[in-house]
Amino acid sequence: LAELDGDVPEVQIIPKETPKAKTAPAPEAAAPKKAELPKDKVWLAEGTKTPLAKENWTGAVREVTIGATAEEGGTRAKTVTVGGETAMPFMDFEGAMPNAPIIAMEIKDRRPDDWSELLLEEWGDVVNDPAEWAKAAEDAGADMLLLNLSLNGGNGEETTPDAAVDAAKSILEASGLPLAVFGPGQAELDNTLLLPIADATKGEKLLLGFCEDKNYRTIVAAALANDHLVSARTAMDVNLAKQLNILISDMGLPLERIIMDPTTGALGYGFEYGYSVMERLRLAALQGDSMTQMPMIVTPGEECWKTKEAKVGDDVPKEWGDWLERAITWETLTSVMLVESGADIVVVRHPESLRRTRQAIDDLMGK
């Protein structure tokens with residue numbers, strides 16, 4: 001700083017303080033001794049189990065019978081009764097499950113164009129004749145049959161009422177199982193085909209489907225006039241299912257002749273949402289909501305055989321395993337889980353899926 005010709009400020013130097021000697025820390029006070037507590041008393045005798053918490057339900061699912069024997073005005077060798085639960089599925093410690101879930105086999109009025117080649121190989125030539133197909137499905141162990149009408153005939157023209165009636169009557173003559181008949185899924189055509197079938201099979205107590213908000217009036221009227229039942233199908237929604245049941249009931253059809261179809265997806269394809277909706281419908285029924293107390297039908301076969309896991313056999317990772325086993329497992333797992341969610345009727349397509357689902361139901365029912 002001096003060399004720069006500047007003023008040199010005085011710098012005050014403060015001497016460092018002499019460090020103080022460190023003092024030893026005071027000894028810690030000894031921790032007080034913990035009081036000795038008496039040993040716990042035995043409050044349950046050895047071997048006693050804690051009581052199981054149980055729900056007390058106030059409602060029950062209605063019992064519905066499909067099919068009619070000769071004594072009842074029909075021609076069926078047997079009928080099937082579903083519903084009647086007073087607790088959630090297989091929770092027999094909370095209530096009763098008087099009727100085990102049943103398995104229906106889906107068949108078509110002609111050889112299907114859109115079914116997997118695995119299914120066509122399994123059924124063989126019977127797919128060309130609905131009557132023979134019905135016999136084969138009965139032999140496979142089905143509890144009931146579901147005739148799914150095609151949108152068009154083999155010639156490409158729209159399915160006619162006469163052809164639909166002939167297919168339904170041939171199945172009734174070939175098999176003694178109860179029968180459900182579903183239209184192609186187009187509201188106007190469903191009405192056109194189901195009405196003459198209902199008239200031609202009066203007293204057989206068929207399950208006609210499916211009623212939707214667009215076409216339920218015609219199908220319900222046909223069921224009322226000919227002593228049939230209806231399947232009420234809605235999108236996966238509790239309120240929509242309840243509303244459709246109300247509309248059908250308002251037409252005068254007894255609630256004991258309605259089966260709900262809340263629809264489902266296949267495993268990995270929306271199944272989880274469908275499961276949740278079915279569970280909520282069953283909870284509402286057990287809580288006393290009369291418009292949700294109908295048994296439920298779902299169609300896992302139709303959904304599962306549309307998935308890529310069931311349709312594709314080549315050019316897939318080897319970890320996917322055998323094509324046939326994969327497809328059957330997909331259908332079986334979906335069916336069993338739907339039964340556990342509250343389904344009273346599951347509709348499948350492959351005989352092996354039926355056998356495996358049957359074994360699972362028997363195990364769950366304690367057989």
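Begin with the cysteines: the structure holds zero disulfides, a disulfide being counted when two cysteine sulfur atoms lie within 2.5 Å. In general, a disulfide is a covalent bond between the sulfur atoms of two cysteines. Select Cys211, which is buried with a relative accessible area of 0%, and then Cys304, which counts as buried at 1% relative accessibility. Buried means under 20% relative accessible area, exposed means over 50%, and partly exposed is in between, with a 1.4 Å probe and protein chains only.

Before going on, note that this is a predicted model, in which local features need pLDDT of at least 70 and side-chain atom pairs count only at pLDDT 80 or more, while totals for chains, interfaces and linings use all residues. Residues are numbered from 1 along each chain as its sequence is written, and side-chain values use heavy atoms, with hydrogens and water left out.

**The aromatic rings**

Next, select Trp115 and Trp133. A search of the whole structure finds four aromatic pairs, where rings of Phe, Tyr and Trp (its six-membered ring) pair if their centres lie within 6.5 Å, and planes under 30 degrees apart count as stacked, over 60 as edge-to-face and the rest as tilted. The rings of Trp115 and Trp133 have centres 5.4 Å apart and planes at 75°, so this pair is edge-to-face. The pair links distant parts of the chain, since Trp115 is in the loop between strand E3 (102-108) and helix H1 (117-123), Trp133 is in helix H2 (residues 130-139), and the two are 18 residues apart. Helices (H or I, at least four residues) and strands (E, at least two) are DSSP runs, numbered from the N terminus.

**From helix H3 to Ala131**

Now select Ser170, found in helix H3 (residues 161-174). Which residues does Ser170 touch, not counting residues up to four places away in sequence? They are Pro130 and Ala131, where contact means heavy atoms within 4.5 Å. The C-alpha atoms of Ser170 and Ala131 are separated by 5.4 Å, although the two residues are 39 residues apart along the chain. A polar atom of the Ser170 side chain also lies 2.8 Å from the backbone oxygen of Ala167.

**Glu63 and Asn99**

Move to Glu63, in the segment before strand E1 (64-66), and to Asn99, in the loop between strand E2 (80-82) and E3. Are these two residues buried or exposed? Glu63 is partly exposed, with a relative accessible area of 43%, whereas Asn99 is buried, with a relative accessible area of 16%. Their side chains make a polar contact at 2.9 Å; a polar contact is a pair of N or O atoms within 3.5 Å, and within protein one must be able to donate a hydrogen and the other to accept it, while residues adjacent in sequence count only if both atoms are side-chain atoms. A polar atom of the Asn99 side chain lies 2.9 Å from the backbone oxygen of Gly83.

**Backbone features**

Most residues other than glycine have a negative phi, and most peptide bonds are trans. With that in mind, select Gly209 and Phe210, which are joined by a cis peptide bond with omega about -5°. Phe210 is in strand E6 (residues 207-211), and Arg233 lies over the face of Phe210, at 3.8 Å from the ring centre; a charge sits over a ring if NZ of Lys or CZ of Arg is within 6 Å of the ring centre and within 35 degrees of the ring normal. Then select Asp227, in the loop between helix H5 (216-226) and strand E7 (229-233), where phi is near 65°, a positive value in a residue other than glycine.

**Helix H7**

Finish with helix H7 (residues 271-286), which has 16 residues and reaches 23 Å from its first C-alpha to its last, close to the 22 Å expected at 1.5 Å a residue; the expected span is 1.5 Å times one less than the number of residues. Its buried residues, including Phe271, Val277 and Leu281, pack against helix H6 (238-250), strand E8 (258-261), strand E9 (297-298) and helix H10 (323-341). H7 is followed by Gly288, whose phi is positive, near 110°.
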